[in-house]
Amino acid sequence: MPDPLDIEDPAALLQYLRRTGRIAPDEQPRITVLQGGVSNRTVHVARASGEAWVLKQALAKLRVPVDWFSSLERIHREALGMEWLARLAPPGSITPLLFEDRSEHLLAMQAVPQPHENWKAMLLAGRISSEHVAQFAALLAAIHREGRLRTAELSAVFADRSFFESLRLEPYYGYSAQQAPAAAGFLEALIRDTLARRITLVHGDYSPKNILVHRDRLILLDHEVIHFGDPAFDLGFALTHLLSKAHHLPALRRQFCEAAGQFWRGYADAAGGELEPYAVRHTLACLLARTVGRSPLEYLSAAERARQRDTVLRRMPTPPARIADLISQFEEELCRSSNG
């Protein structure tokens with residue numbers, strides 16, 4: 001048996017592309033390994049024709065400090081997600097799928113044209129645009145709204161939630177319950193409720209790090225945990241990133257909190273606000289998970305993680321019913337603890 005392909009080995013990848021007829025036998029594309037992903041190998045392939053691809057190959061063991069494993073089959077769930085999201089999301093917001101290889105557990109997508117920037121990097125640099133926040137809300141609302149309209153079909157296509165469970169519920173909620181026993185009851189109840197709710201298509205990784213900005217338009221990436229389930233998870237996951245940056249960048253705290261509120265209002269206006277109490281619970285859970293879970297936010301210092309953990313633990317026994325109240329309470333507690 002040949003050795004498994006490692007697409008981060010340029011010579012091996014070049015040989016694979018030629019052998020499978022993806023490129024001509026004498027073609028010499030420029031291959032660049034992309035950094036930053038924890039669950040996949042990711043490589044940019046630039047061809048002489050001007051065409052550019054991004055190849056992704058699933059890793060069995062994720063690149064995080066603690067042991068975290070997941071099936072290689074999730075890359076094919078991502079390919080399926082790309083095919084469907086291209087039909088459901090606003091035009092131009094999803095990168096086209098080019099091909100997938102089940103034996104090597106990889107896929108190729110059309111690369112986002114240059115120039116583009118990662119939205120997470122832009123936000124951490126303090127470049128907060130209300131237009132980008134509005135698009136962030138509208139894109140998620142469209143996915144959830146269109147997913148509901150096609151429930152009969154999508155609930156069967158995306159019924160398998162095993163990747164969501166292994167890459168989200170266990171490492172974010174289950175593991176956090178072990179690390180913060182005071183939150184165990186809250187998190188265990190939320191896991192049960194989440195698994196009981198099958199409402200619409202859920203992206204499962206809806207965050208600024210998975211958004212590229214090209215010509216001022218947002219393009220969504222990384223769909224490997226997409227499933228039919230509880231859309232409030234996407235809301236809590238997204239709000240957590242905005243609020244954690246409000247914590248990390250105190251000079252911009254007000255702007256990030258306003259962005260969080262704008263995101264929720266934009267979503268609710270487009271898709272309805274009935275998810276609000278559930279979104280509050282998922283936001284609290286994700287805020288905690290990004291401090292004590294298997295994948296803590298890398299930009300939070302040890303002191304910031306402890307402060308965010310303690311702030312969330314104080315809110316969990318009596319969570320507010322409204323997102324606006326959660327945002328204001330989170331902001332007020334951070335200001336008090338920072339000044340104290």
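## Salt-bridge network

Glu27, Arg47 and Glu51 form a linked network of salt bridges in this predicted model.

## Other salt bridges

The structure holds 23 salt bridges. One of them brings together the side chains of glutamate 73 and arginine 102, at 3.8 Å, N to O. Glutamate 73 is partly exposed, its relative accessible area being 37%.

A further salt bridge joins glutamate 331 to arginine 254 through their side chains, at 2.7 Å, N to O. Glutamate 331 belongs to helix α12 (residues 323–339) and arginine 254 to helix α9 (residues 253–271), so this pair ties together parts that are 77 residues apart in sequence. Glutamate 331 is buried, with a relative accessible area of 14%, whereas arginine 254 is partly exposed at 38% relative accessibility.

## The five-stranded sheet

Five strands form an open sheet in the order β1-β2-β3-β5-β4, with antiparallel pairing. At its edges are β1 (30–33) and β4, each of which pairs on one side only. On average, neighbouring strands of this sheet are turned by 20° against each other, direction ignored.

Strand β3 (residues 52–58) and β5 run antiparallel and are joined by five bridges. Valine 54 stands opposite methionine 109 in β5. Helix α2 (residues 74–88) lies across β2 (40–46), β3, β4 and β5, and runs at about 30° to β5.

## Glutamate 104

The loop between β4 (97–101) and β5 (106–110) contains glutamate 104. What does glutamate 104 touch, not counting residues up to four places away in sequence? Its contacts are Pro4, Leu5, Tyr16 and Gln57.

Glutamate 104 is buried yet has no salt bridge. The nearest side chain of opposite charge is that of arginine 19, 4.7 Å away; a salt bridge requires a side-chain nitrogen of Lys or Arg within 4 Å of a carboxyl oxygen of Asp or Glu.

How values were computed: Residues are numbered from 1 along each chain as its sequence is written. This is a predicted model: local features need pLDDT of at least 70, side-chain atom pairs count only at pLDDT 80 or more; totals for chains, interfaces and linings use all residues. Side-chain values use heavy atoms; hydrogens and water are left out. Helices (H or I, at least four residues) and strands (E, at least two) are DSSP runs, numbered from the N terminus. Buried means under 20% relative accessible area, exposed over 50%, partly exposed in between (1.4 Å probe, protein chains only). Lys and Arg count as positive and Asp and Glu as negative; His and the chain ends are not counted. Contact means heavy atoms within 4.5 Å. Two strands pair if DSSP finds at least two bridges between them. Axes are lines fitted to C-alpha atoms, for helices over the stretch in contact, and angles run from 0 to 180 degrees between N-to-C directions.
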